[in-house]
Amino acid sequence: MEKTIEKLDNFNGSILIFTHENPDGDGIGSMLALYKFLKKKGKNIDMAMKDELPHTYDFLSNVDKIKKLPVDKVYDLGILVDAAGVFRAGTEVKAKEFMRIDHHREGEKYGDWDYVDITAPSTTTLVAKLLKSWDEKLIDKDIAESLYVGLLTDTGSFRHSNITPEIFDIAKFLVKKGADPVYISHKVFERNKPEAIKLLNKVLSTLQFHEGGKVASLTVRKKFFDDTGAKEEDTEGFVNFARGIDGVDIAFIMIQKPNRPDTWRVSLRSKGKYNVQEIAKELGGGGHRNASGCRLNGEEDEVRERILRVINKKLKEEENK
Ligand SMILES: [Mn+2]
């Protein structure tokens, strides 16, 4: 972290902060917090991502300044937040050198100025620590709010197994700096669009149990998007309905890409000791122990079978441990 601060403090060139495609609260929160802080430090800063901003995060300050990737300009430094490698941006990012601030396992390394800690429950906790030790007084309400959003969403509202006592110290720090937990929870979780709930209604009807009820799956077909007018980002969090079922240890959702129907985006979730990162890795993806993902091509049933085969293998390995 010291090297990260040193690098940024002495850097006078143009900087682009960016995050992964299908951006989440952690990627967006990290990006916005760094943007505002580095602006205050007088840096030449832009931020960008490939996809639309999910409306859940539209209340955060400076979201109107987020550019759309790809950007023509070649930046002197690209800061990748909340992703294992620049490839996760989902499109080209032009910069002379890169820096990575992240908590994903097995990612790319760009320099000794990278700040990667796979034990951190969110990238925003890393950004919070970084900004706090760099210049604490510059952390204002807007910055604290952005950081709190990433902490809240990546820990599943402080419910996932990535929670440590230290997390509550960081949460406390952010609340003291002006982040309002009630207001933020309302903005993030209680503004569902009617079409998103109509989509959820269809998706819940696809619920299937496997492995004697230990595994549950949901499916989002392209047709559901066409019928309801909902968008891909409206599926955020749907997988948790499957994960939340009593007796289910592993859950997954398969989302048919509306613009590329032969591609399925798969999100895997687990409870406790069950490691979906290993499952995702075997399917060509990655992530964390309790939350991972991958992309697969093919017909719906065949894709589901492929996922189930890997899950079956991992469950057997787990039993034999
Ligand atoms: Mn994250």
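Guide: Helices (H or I, at least four residues) and strands (E, at least two) are here DSSP runs, numbered from the N terminus. The model is a predicted one, in which local features need pLDDT of at least 70 and side-chain atom pairs count only at pLDDT 80 or more, whereas totals for chains, interfaces and linings use all residues. Residues are numbered from 1 along each chain as its sequence is written, and side-chain values use heavy atoms, with hydrogens and water left out.

The part to examine is an open sheet of six strands, arranged in the order β7-β8-β9-β10-β12-β11 with mixed pairing, where two strands pair if DSSP finds at least two bridges between them. At its edges are β7 and β11 (286-287), each of which pairs on one side only. Within the sheet, β8 and β9 run parallel to each other and are paired over six bridges, and among the partners is isoleucine 250 of β9, which is bridged to valine 215.

The loop between β7 and β8 holds glutamate 211, whose phi is positive, at about 50°, although this residue is not a glycine. Glutamate 211 counts as partly exposed because its relative accessibility is 32% (buried is under 20% relative accessible area, exposed over 50%, partly exposed in between, with a 1.4 Å probe and protein chains only).

Helix α11, residues 300-319, has 20 residues and reaches 29 Å from its first C-alpha to its last, close to the 28 Å expected at 1.5 Å a residue (1.5 Å times one less than the number of residues). Its buried residues are Glu300, Val303, Arg304, Ile307, Leu308, Val310, Ile311, Lys314 and Leu315. These residues lie on the same side of α11, because they cover an arc of only 165° around the axis, taken from the directions of the C-beta atoms as seen from the helix axis. They pack against the strands β7 (208-210), β8 (215-220), β9 (250-257), β10 (260-270) and β12 (291-297), and also against the helix α10 (276-282), contact meaning heavy atoms within 4.5 Å.

In helix α10 itself lies glutamine 277, which counts as buried because its relative accessibility is 9%. If residues up to four places away in sequence are not counted, glutamine 277 touches Arg105, Gly287, His288, Arg289 and Ser292. A further helix, α7 (residues 194-204), lies across β8 and β9, the pair joined in the parallel sense.

Definitions and conventions:
Axes fitted to C-alpha atoms, helices over the stretch in contact; angles between N-to-C directions.
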